[in-house]
Amino acid sequence: MPWGWNKTVKKIFSCETPGTWDGAGTYRRYGAVLDNGELWMWGDQGGYVGDGFGIGYGPASFQGNTIFPIKCLDGVKDAQAVAAGYHMSLALMNDGTVKWTGYNGQYIGGSSGVSRNTWETLGGSYLTNVTKLRLYGYSTYQTAVALRSDGKVVVWGFGGSGQVGNGNNLTPNAPNSFLLLDKTVVDFSVSGYFGAGSGALYCLTTDGQVMVNGYGAYSMDGDDDKESRFAPSPIIF
């Protein structure tokens, strides 16, 4: 194995994030998080500034697309990636902070809007004690969700169909606000739809409710009006 026979893999992932498939069929990114906290990635490098590997230069400079896994980061608990030519990677660190690298078109990496090819800590006091992290989307339409140990949720990135849940269809320029201020969240899931800018967020709260916001086609929001929800509201069972 490229990381050595004495190391074990905790998780594998691909750029085809939960529920979303890159229909172009040409851009793929894969990764493995090891039990010792090492993050290894391989696959397409896209040719864009900030290629999502975070090693300071484009891997294509020495091997084209990264056919062989390369070590990208230490101290990692979990990692997520999206692709389709605009590669972005997020890493949940063992200390509960979040790092990012790659494409920054939806301000996943903060207000500068500048892509980068090295890893940087993100979110300041908002992204601390994070226990769960998800990054989903397609091409340039990327949304990120983080759950903290105190039950607070931070959502940022593309919000055109209500994915961010801030009451409108705007994209915030940084992870700088909390979702569901009057509730405590115990878990969440994201749902993707094959198409740019689609997806919904489902939060399970301590009072047993499932709160949803985001894209509403195909009754993804739990009702038959098929309208997007721009702020979280309960699914009625």
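## Lysines over rings

K152 lies over the face of F178, 4.8 Å from the ring centre. The charged end of K132 sits over the ring of F188, at 4.6 Å from its centre. A charge sits over a ring if NZ of Lys or CZ of Arg is within 6 Å of the ring centre and within 35 degrees of the ring normal.

This is a predicted model, where local features need pLDDT of at least 70, side-chain atom pairs count only at pLDDT 80 or more, and totals for chains, interfaces and linings use all residues. Residues are numbered from 1 along each chain as its sequence is written, and side-chain values use heavy atoms, with hydrogens and water left out.

## Aromatic pairs

The structure holds three aromatic pairs. Rings of Phe, Tyr and Trp (its six-membered ring) pair if their centres lie within 6.5 Å; planes under 30 degrees apart count as stacked, over 60 as edge-to-face and the rest as tilted.

One of the pairs is Y30 with W42, which is stacked: 6.3 Å centre to centre, with 20° between the planes. Y30 belongs to strand 2 (residues 29–34) and W42 to strand 3 (residues 39–43), twelve residues apart. Strands (E, at least two residues) are DSSP runs, numbered from the N terminus. Y30 has 32% relative accessibility, so Y30 counts as partly exposed (buried is under 20% relative accessible area, exposed over 50%, partly exposed in between; 1.4 Å probe, protein chains only). W42 is also partly exposed, at 22%.

## The loop pair

Y126 and F178 form a tilted pair, 5.0 Å centre to centre and 50° between the planes. Y126 is in the loop between strand 8 (116–122) and strand 9 (130–138). F178 is in the loop between strand 11 (153–157) and strand 12 (185–191), 52 residues apart from Y126. Y126 is partly exposed at 27%; F178 is partly exposed at 25%.

Definitions and conventions
Helices (H or I, at least four residues) and strands (E, at least two) are DSSP runs, numbered from the N terminus.
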